[in-house]
Amino acid sequence: MILVTGGAGFIGANFVLDWIAHEGTPAVNLDKLTYAGNLANLASLQGDARHIFVKGDINDRALVAGLLKQHQPRAIVHFAAESHVDRSIHGPGEFVQTNVVGTFSLLEEARAYWSGLAETEKAKFRFLHVSTDEVYGSLGDSDPAFSETTPYAPNSPYAASKAGSDHLVRAWHHTYGLPVITTNCSNNYGPLQFPEKLIPLMILNALAGKPLPVYGDGKNVRDWLYVGDHCAGIRAALARGKPGETYNIGGNSEKTNLEVVHAVCAILDELHPAGAPHAKLITFVEDRAGHDWRYAINAEKIKRELGWEPTKTFAAGLRETVQWYLSNAEWIRNVTSGDYRKWVDLNYGKR
Ligand code: NAD
Ligand code: TDX
């Protein structure tokens, strides 16, 4: 049994599905079901006793304590977070509340539970904290990629809140001995991603014939990793990672935003032709405040120590992703309801 937090979101839901497919053992899934959480992501597990869903907040300490006592998990895999940089610019409060205070609450309940375990269970227990490359700040074009020893320099409210949570996780190991592992991953893409993030937003706008809003000059660089590869990296860290260590996870796939958007358009031109090339919809809009220039991950440590490396190329993963969105119109209809439209107005209305 493991306890997953945020398992109804994009990466968390992919992880729960992947976990049950690969490990076959049960997962308790604690998720608040914010705008980003969606039980439809887990529809294929309906009736499967190995998935126990609990709607709730990681800040509800009594709830977390009760779940740990009842299910006696051997690990906590912590995904729950506010995750979108643009939303953190418009409203940072929730980011501090969930990412910093929520992680603190979870660590405290994990520590109380872990302290009461028998020695053999205590040694095996893991608290795996899922974090991001954004905690390291921004790179120039010729800087070396982020490694596990790159100093933290978060720039957005989102990145700062994740950095804060990483520091708490580190301290709970150093001070209390809690067996924690932190993974810092680059930009994920794949099925089930909420269409506020670059790739699904571009797919959906292109399908609707709407402008494709590229921030600034579109030359910012991100490293892209297929979500299934990220899930495999987390499983490797859980199985073989050393408590107290951090592992960078990346796709060895740096692209400018413009390259990504053109690649989406080219796939859509082939799979869903619209007459005119989709790239004609590309529209340069006002830049994101404090927009980090470049992220790149050096993932040598996890390869060397845990034997993990990405398996899917960006070309193959992007094609599968576009195909998934083309085949899941109902999922799209469900997530692009009233609240989504309010977000689009707020973020793009004045750009
Ligand atoms: P997401 O926004 O799609 O999902 C977050 C989930 O957490 C949602 O289901 C939401 O309902 C839940 N949640 C939010 N606040 C909660 C709370 N207080 N209590 C319980 N549940 C709560 O995010 P994602 O893209 O799947 O990211 C998951 C994790 O991975 C995050 O910690 C994020 O920082 C990290 N990460 C994401 C990426 C990426 O590219 N998306 C890359 C690296 C790391
Ligand atoms: O409409 C857009 N236009 C645009 O040009 C959007 C939504 C984004 N962008 C740009 C901004 C970034 O340079 O595309 C790039 C990717 O943007 P996002 O998808 O918002 O991701 P990013 O800001 O890079 O952060 C992501 O990767 C690290 C995730 O959202 C984080 O949760 C993760 O930690």
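**Ligand site and helix packing**

1. An oxygen atom of ligand 1 lies 2.6 Å from an N or O atom in the side chain of lysine 162. Such a polar contact is a pair of N or O atoms within 3.5 Å; within protein, one must be able to donate a hydrogen and the other to accept it, and residues adjacent in sequence count only if both atoms are side-chain atoms. The protein covers 97% of the 840 Å² of accessible area that ligand 1 has on its own (Shrake-Rupley method, 1.4 Å probe; for residues, only the protein chains shown count as cover).

2. This is a predicted model, in which local features need pLDDT of at least 70 and side-chain atom pairs count only at pLDDT 80 or more, while totals for chains, interfaces and linings use all residues. Residues are numbered from 1 along each chain as its sequence is written, chains are lettered from A and ligands numbered from 1 in the order in which they are written, and side-chain values use heavy atoms, leaving out hydrogens and water.

3. In tyrosine 158, a side-chain N or O atom is 2.6 Å from an oxygen atom of the ligand. In aspartate 57, the corresponding distance, to a nitrogen atom of ligand 1, is 3.0 Å.

4. The shell around ligand 1 comprises 29 residues, the closest being Ile11, Asp31, Ser83, Tyr158 and Lys162 (a residue is near if one of its heavy atoms lies within 4 Å). By class, 12 are nonpolar, 12 polar and 5 charged (Ala, Val, Leu, Ile, Met, Phe, Trp, Tyr, Cys and Pro count as nonpolar, Asp, Glu, Lys and Arg as charged, and the others, Gly among them, as polar).

5. Helix 1 (10-22), strand 5 (126-132), helix 6 (157-176) and strand 7 (187-189) each supply at least two shell residues. Strand 5 gives the most, with 3 residues. Helices (H or I, at least four residues) and strands (E, at least two) are DSSP runs, numbered from the N terminus.

6. Helix 6 also packs with helix 4 (residues 93-115), at about 15° and with axes 8 Å apart (axes are lines fitted to C-alpha atoms, for helices over the stretch in contact, and angles run from 0 to 180 degrees between N-to-C directions). Helix 4 is therefore roughly parallel to helix 6 (angles under 35 degrees count as roughly parallel, over 145 as roughly antiparallel, 65 to 115 as roughly perpendicular and the rest as oblique).
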